Amino acid sequence: MIRLARPILAGAAFAGAIAACARIGSPPGGPEDKAPPRLLATTPESLAILPGFKGSVELQFDETLSEGGTPSLGTGTSDLERIVLVSPSNNVPDVGWHRSRLSIKPKEGWKPNRVYRVQLLPGVKDIRNNLADTSIVITFTTGAPLPTATITGRVIDWAARKLPPAVLVEAILEPDSLPYRALTDTSGRFSIGPLPAGSYLVFAVDDQNHNHKRENRERFDSARVDSATTAVPVLWLQPHDTVPPRIESITPNDSTSATVLFTGPLDPYAPPPFASIRFVMLPDSTPVDSAVLLTAEADSVDRLRRKATADSIAALTDTTRAKADTTKKKPAEAPKPAPTPPRPPAAQRPSGLRPISTRPAPDTTGLGALLATRPALSTKLILRVPGRFEPGKKYALEILALRGLSGIPGDVRAGLIIPVPKPAKTDSTHAGADTTRARPDSTKADSTSSKGKPQ
């Protein structure tokens, strides 16, 4: 009996341990937890001076947090590593998950006499996927004086003409090149502080791969601010290519125009030199005189001008014809419509109906005023010829000294093939012989041919 008791007790203890580990959530029958995790305490406290600090920044929450789909391995790809910013540092921080607590420290360790800024971005979840949409910032020093400066500004996506959220902002303290990072809010605004006093080179970066680093292929803009200025000029996201844009395609619009699409935006302050355009017909390179390139806005204005001129000529012709033909009797005038009844006062209108307002919503962000300071970017031009494109012919377009946003000039070339229009389908009911006529009855033909033959 004594030998059997130990396995039974051990088995009971093991089963109890399994049952205890399985009870993670709330007891069954209770209300569903929909509250996001709430921060209880931080270590160290913000604005603390800690010479020789060697520990970790710890964030204590009121419930168990979700570790995400992948653990934090220092590669910057885990769910927790993506929502943590440690400045100044160029490496992915070490983020530790301890159920209801997070520990954060830079991979290279804390350097002496520096101001550190640790930010937990919105995105931390509990085990029920309740998302916390608030940001947490802890600023402390490892011996340096407490910081007092704050850098503020705004970012605009120049091509999309909108205020982009979650844009990476990097403020580099000179001359030590210490980077301090933050993200813009939903209105494109950012505020980084408190920071050490000094001169900063501020970048706004379209961080498409979300690695919190500024890379060459990503769109950006920059500005420099000195120690006496904390407001950064508006930063406009734009590509910085080292080569001019190339022609991606030429698509005919109608018999007299085609759309030229480029691989990148053109310089709005230096439009293409229209005199340096060569448009020829192949294979003999016959020049097409008076071919021009227009922006979409200029082409639209030119079309309206042409239409207004044509309408004026047509109206003048109609007036001349009407004056010449005075013998023709005027047709009877159509009866005039009944007058519209007056709108009843507001007190007599049905209470359930509201007048529909056609006025646009007021711009509370100030985006319209900012966009009015710069022209719109475009990646296309309109090619217009004086005559008509010949169907089935091949053309070649060459633009000299084309400039993109980088300002570097270059020559670009591309070909254009005008398709041959398909012939119109003919109506088979009218072509050839009349198919509605009844065919001769074969039985009658057989009976006729059999006359006179012996039966």
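Predicted model: local features only at pLDDT ≥ 70, side-chain atom pairs only at ≥ 80, totals over all residues.
Strand 22, residues 394-403, pairs with strand 23 in the antiparallel sense over eight bridges. Within that pairing, the bridge partner of Leu402 is Gly410 in strand 23.

Arg278 pairs with Glu398, and their closest N and O atoms are 3.9 Å apart. This links distant parts of the chain, since Arg278 lies in strand 18 (residues 277-282) and Glu398 in strand 22, 120 residues apart. Glu398 counts as buried because its relative accessibility, 15%, is under 20%. Arg278, by contrast, is partly exposed at 46%.

I turn now to the other salt bridges. Side chains of opposite charge can pair when their charged atoms come close. A search of the whole structure finds twelve salt bridges. One of them joins Asp94 to Lys107, with 3.4 Å between the closest N and O atoms. Asp94 is in strand 5 (residues 94-98), while Lys107 is in the loop between strand 6 (101-105) and strand 7 (115-120), 13 residues apart. Both residues are partly exposed: Asp94 has a relative accessible area of 28%, and Lys107 stands at 43%.

Asp157 and Arg219 meet in a further salt bridge, at 2.8 Å from N to O. Here strand 9, which holds Asp157, is linked to the loop between strand 13 (200-205) and strand 14 (220-225), which holds Arg219; the two residues are 62 apart. Asp157 is buried, with a relative accessible area of 7%.

Next, a hairpin. Strand 16 (residues 247-252) and strand 17 (residues 257-262) run antiparallel and are joined by five bridges, with four residues between the strands. Ser249 stands opposite Leu261 of strand 17.

Leu146 is found in the loop between strand 8 (136-141) and strand 9 (149-157), and is partly exposed at 40% relative accessible area.

Finally, the chain as a whole. It has four helices and 23 strands, and 32% of its 455 residues count as buried. Among contacts between residues at least 6 apart in sequence, 64% join residues at least 24 apart. The chain exposes about 29,600 Å², of which carbon and sulfur atoms supply 56%.

Key. Residues numbered from 1 in each chain as written. Heavy atoms only, no water. Buried < 20%, exposed > 50% of the residue type's maximum accessible area, 1.4 Å probe, protein only. Contact = heavy atoms within 4.5 Å. Areas by Shrake-Rupley, 256 points an atom, 1.4 Å probe, with all protein chains shown as cover. Pairing = 2+ DSSP bridges. Salt bridge = Lys/Arg side-chain N within 4 Å of Asp/Glu carboxyl O.
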